[in-house]
Structure formats: structure tokens, C-alpha cells
Amino acid sequence: MRKMIGAFALVMVTLAAAAPLEAQAQRGARGFGMSLDDQMTALTERLTLDEEQVVMVREILETQAESRRERLQGMRGSGDRSAMMQAMQELQQETETLLTEVLSDEQMEKYREYLAELQQRRRPPLSL
């Protein structure tokens with residue numbers, strides 16, 4: 001159960017980082033996710049993206065955000081968290097697959113580290 005919760009949290013953080021909603025991108029870094037502009041600034045600096053990579057990564061993240069909205073829209077009312085988690089994991093895998101075509105191995109490693117750090121920041125401290 002803990003692994004499932006941990007996986008769910010990782011997927012949620014990853015999707016929030018990798019595919020922010022269009023509304024969040026327009027209004028800035030409020031709510032759960034970062035704006036697309038803020039995310040691109042962070043990724044550009046962290047991964048040392050060149051100009052071509054910036055354009056391609058932005059396009060991937062925008063496309064994946066739209067795909068996520070479409071896929072999850074019908075599931076929201078169902079209450080089937082397992083299906084939603086499965087869909088989010090699939091979307092994250094798709095995002096990573098697309099990014100591997102644009103980023104070097106070193107940049108992909110830094111991207112995964114970045115996502116792990118975001119997850120750590122969002123995870124509430126354990127209280128016993």
C-alpha cells in the first residue's frame with residue numbers, strides 16, 4: 001500500500017511538473033503546479049538546454065498536458081483512483097520517452113533528479 005501511495009505521489013508530482021495545466025501556465029506559479037514558463041526556465045537552467053531543445057521540450061510538455069486533460073476528463077467522476085493512477089503513469093512514461101528523443105542521457109538523468117527533488121518538496125513530513 002505504501003508503494004502504491006508513493007508511486008501515486010510520484011506520478012502526481014511528475015505530471016504537475018512535466019505537464020502543467022494551461023490555466024496555470026497563464027496565471028503563473030500558483031496552485032499545485034508551476035507555470036509552463038517557470039518550468040521551462042528551471043529546466044533550461046538545470047539541464048542546460050540549447051535553443052532547439054527549449055522549443056522541443058516546451059512542445060512536448062504542452063502536448064502532454066493536453067493529452068492528460070483529455071484522458072483524465074472522463075475518469076474524474078468515476079472515483080477510480082487506480083485507473084487514474086495507471087493513466088498518469090502511462091502519461092509520464094510517454095513524456096519521458098518523448099524527452100529521451102530530445103535530451104542527452106546526462107540531461108535525462110538531471111531531469112529525473114529534478115522530478116525527484118520536486119517530489120521531496122511536495123511530500124509532507126512524516127509524523128509518528
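Author: Of the 128 residues of the protein, 38% count as buried. The model is a predicted one.

Reader: How many helices and strands does the protein have?

Author: There are six helices and zero strands. Along the sequence the pattern reads α-α-α-α-α-α.

Reader: What share of the contacts with a separation of 6 or more comes from residues 24 or more positions apart?

Author: Such pairs account for 57% of those contacts in the protein.

Reader: Now the helix pairs. At what angle do α3 and α4 pack?

Author: Start with the angle between the axes. For α3 and α4 it is about 135°, and the axes lie 11 Å apart. An angle over 145 would count as roughly antiparallel. These two helices are therefore oblique to each other. The crossing of α3 past α4 is right-handed.

Reader: Which residues of α3 and α4 meet?

Author: From α3 come Leu 36, Asp 37, Gln 39, Met 40, Leu 43 and Thr 44. From α4 come Val 54, Val 57, Arg 58, Leu 61 and Glu 62. By class, this contact has six nonpolar, two polar and three charged residues.

Reader: How do the axes of α3 and α6 cross?

Author: Helix α3 spans residues 36–47 and helix α6 spans residues 105–122. Their axes come within 10 Å and cross at roughly 130°. That makes α3 and α6 oblique to each other. The crossing is right-handed. On the α3 side, the contact is made by Gln 39, Ala 42, Leu 43, Arg 46 and Leu 47. On the α6 side, Gln 107, Lys 110, Tyr 111, Glu 113, Tyr 114 and Glu 117 take part. The classes here are five nonpolar, two polar and four charged.

Reader: How far does α5 reach from its first C-alpha to its last?

Author: Compare the span with the expected one. Helix α5 has 20 residues and reaches 28 Å, close to the 28 Å expected at 1.5 Å a residue.

Reader: Which residues of α5 are buried?

Author: They are Met 84, Met 85, Ala 87, Met 88, Leu 91, Gln 92, Thr 95, Glu 96 and Leu 99. Ala 83, also in α5, is partly exposed, with a relative accessible area of 25%.

Reader: What is phi of Thr 48 near?

Author: Most residues other than glycine have a negative phi. Phi of Thr 48 is near 45°, a positive value. Thr 48 sits in the loop between α3 and α4.

Reader: Is Thr 48 buried or exposed?

Author: Thr 48 is exposed, with a relative accessible area of 56%.

Methods:
Residues numbered from 1 in each chain as written. Predicted model: local features only at pLDDT ≥ 70, side-chain atom pairs only at ≥ 80, totals over all residues. Heavy atoms only, no water. Axes fitted to C-alpha atoms, helices over the stretch in contact; angles between N-to-C directions. Helix = DSSP H or I, 4+ residues; strand = E, 2+ residues; numbered from the N terminus. Parallel < 35°, antiparallel > 145°, perpendicular 65-115°, else oblique. Left-handed = near helix turned anticlockwise from the far one by under 90°. Contact = heavy atoms within 4.5 Å. Nonpolar A, V, L, I, M, F, W, Y, C, P; charged D, E, K, R; others polar. Expected span 1.5 Å × (residues − 1). Buried < 20%, exposed > 50% of the residue type's maximum accessible area, 1.4 Å probe, protein only.
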